[in-house]
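Visitor: I am new to this structure. Could you show me how to read it, feature by feature?

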Amino acid sequence: MPFYQRLGQIPRKRHTQFRQPDGSLYHEQLVGTLGFHGVSSLLYHRHAPTDIRKVGEPRPYAPKLLKDRPLEPAHLRTLAQTTTGGDYLQARQTLLGNADVTMSICNPTEQRMDYYYKNALADEVIFVHEGRGELWSQLGKLAFEPGDYVVIPRTIIHQLHFEEGPVRLLIIESFSPVETCRRYRNHFGQLLEHAPYCERDFRGPSELVEGDVRESGEYEVRVKKDGLLHTLVYGHSPFDVVGWDGYFYPYATSIHDFEPITGRIHQPPPVHQQFEGNNFVICSFVPRLFDYHPLAIPAPYNHSNVDSDEVLYYVAGNFMSRRGVDLASFTWHPSGIPHGPHPGTVEASIGKKETHELAVMVDTFRPLYLTEAALPYVDPRYPMSWQPDFQHDPPRAADMMD
């Protein structure tokens with residue numbers, strides 16, 4: 001994040017003596033990215049963060065990408081999949097990915113994790129479609145609710161605690177640091193006046209985790225790295241942090257706080273951008289007024305993805321340029337072939353004043369691939385759905401919230 005935060009107790013100067021009530025030193029830990037050149041935070045632990053007691057056998061934990069499928073658009077219907085497994089890790093199903101980013105659904109049935117989790121190589125952006133709860137991490141508690149993006153930087157040890165009720169998550173895993181848009185920041189890192197969001201729209205951890213952090217015992221941390229899930233057992237809780245400060249921490253922001261940029265004629269997709277990583281962007285489509293030129297066509301024009309793949313995840317509302325999509329559907333349009341609105345939707349959009357749609361878009365600048373886990377969700381009719389006489393299936397979610 002481009003602004004400084006602090007929580008709990010920290011010494012006045014970094015890398016100086018900071019003593020516990022019994023006279024022993026707190027254990028200082030620097031956590032950050034890009035060597036010593038990226039953003040970082042300094043954490044102060046009661047126990048040494050290096051105190052490993054056991055190492056378990058790693059388990060495979062990677063999707064199988066399918067690189068020999070035909071070049072065609074795809075529609076993945078995931079709405080009927082109300083649950084995808086037990087806890088937060090078991091429930092993940094990665095549907096699309098490449099070397100820069102992956103996209104997964106996660107509909108867990110278990111409310112709490114009885115272990116701790118760390119992604120050692122990737123930032124994780126969780127879009128909360130359904131469900132409420134708290135992210136607990138070394139840096140404190142962060143509440144989330146439907147519509148939130150929860151950004152968890154790599155190597156942060158954390159747990160997810162869900163409230164009772166259905167949970168539906170979209171998880172975007174980035175193998176480079178996730179940032180706000182550079183064009184919306186000045187050279188100091190402050191968000192500019194024309195940005196569609198500001199610092200007030202971002203929430204960091206509100207309070208440190210307290211409880212059994214002073215007790216000894218066995219604390220299991222599962223670490224995702226290089227397609228494997230590793231198990232490390234520590235002799236103390238990883239949430240034994242008494243204070244921290246810096247720029248590196250989990251945070252949340254709501255899609256409902258994204259302020260749309262509109263114009264007299266149809267605006268290109270970059271105006272919807274929320275985040276960026278290496279070779280991909282994340283965009284938010286939100287309720288907004290349509291174009292106000294007297295001859296404006298609100299529906300998007302046909303365009304060719306010369307250098308990028310486009311994925312849309314449908315959250316709520318009727319998406320005017322697509323027919324037959326559900327809530328929690330993915331549409332994927334790969335580079336190499338043009339795409340655009342379904343027949344009839346351009347004329348139907350003329351004269352419309354506003355839209356109430358919500359969607360998350362991921363554009364990548366290297367080819368994406370479906371995974372084996374995606375195959376049960378593929379709608380085989382979708383590639384031919386631009387034929388003028390094609391009969392679309394009605395959306396399965398009644399009236400798509402409109």
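Predicted model: local features only at pLDDT ≥ 70, side-chain atom pairs only at ≥ 80, totals over all residues.

Visitor: Let us start with the sheets. What is the strand order in the open sheet of 4 strands?

Guide: The order is E1-E20-E3-E2, and the pairing is antiparallel. On average, neighbouring strands here are turned by 20° against each other, direction ignored.

Visitor: How many bridges join E1 and E20?

Guide: There are 4 bridges, in the antiparallel sense, and E20 covers residues 241-246.

Visitor: Where is histidine 15, and is it buried or exposed?

Guide: Histidine 15 sits in the loop between E1 and E2. Its relative accessibility is 56%, so it counts as exposed; the cut-off for exposed is over 50%.

Visitor: What is the phi of leucine 34?

Guide: Leucine 34 has a positive phi too, about 55°, although it is not a glycine. Look for leucine 34 in the loop between E2 and strand E3 (40-45). With 57% relative accessibility, leucine 34 counts as exposed.

Visitor: What is the strand order in the open sheet of 7 strands?

Guide: Read it as E6-E27-E26-E30-E23-E22-E16, with antiparallel pairing. E6 and strand E16 (179-180) are at the edges. Each has a single partner strand, so one side of each is left without a neighbour in the sheet.

Visitor: E30 is listed between E26 and E23. How many bridges join E30 to each of them?

Guide: Strand E23 (residues 280-285) is joined to E30 by 6 bridges, running antiparallel. Strand E26 (residues 309-316) pairs with E30 over 7 bridges, also in the antiparallel sense.

Visitor: Which residues stand opposite each other there?

Guide: Take valine 362 in E30. It is the bridge partner of isoleucine 282. Valine 311 also stands opposite valine 362. Further along E30, valine 360 stands opposite serine 284.

Visitor: How do I read the two faces of a strand?

Guide: In a regular strand the side chains alternate between the two faces of the sheet. In E30, Leu358, Val360, Val362 and Thr364 point one way. Ala359, Met361 and Asp363 point the other way.

Visitor: Are the residues of E30 buried or exposed?

Guide: In E30, 7 of the 7 residues are buried, so the strand is largely enclosed by the rest of the structure. Aspartate 363 is one of the residues in E30 (residues 358-364). It counts as buried because its relative accessibility is 12%, and the cut-off for buried is under 20%.

Visitor: Which residues does aspartate 363 contact, leaving aside its neighbours within four places in sequence?

Guide: They are Asn279, Phe280, Val281, Ser308, Asp309, Glu310 and Val311.

Visitor: Last, the spaces. How many cavities of 30 Å³ or more are there?

Guide: The structure holds 3. Among the residues that line it are His75, Arg77, Asp379, Arg381 and Asp393. Its lining divides into 2 nonpolar, 4 polar and 5 charged residues.

Visitor: And what lines the second largest pocket?

Guide: This pocket holds about 260 Å³ of space. It is lined by 15 residues; Ala62, Pro63, Glu173, Phe175 and Gly227 lie nearest its centre. By class, the lining has 6 nonpolar, 5 polar and 4 charged residues.

How values were computed:
Residues numbered from 1 in each chain as written. Heavy atoms only, no water. Pairing = 2+ DSSP bridges. Helix = DSSP H or I, 4+ residues; strand = E, 2+ residues; numbered from the N terminus. Axes fitted to C-alpha atoms, helices over the stretch in contact; angles between N-to-C directions. 1 Å grid on protein atoms, 1.4 Å probe; cavity = no way out; pocket = protein on both sides within 12 Å on 5 of 7 lines; lining within 4 Å. Points joined across faces, edges and corners; volume = space filled by probe spheres on them. Nonpolar A, V, L, I, M, F, W, Y, C, P; charged D, E, K, R; others polar. Buried < 20%, exposed > 50% of the residue type's maximum accessible area, 1.4 Å probe, protein only. Contact = heavy atoms within 4.5 Å.
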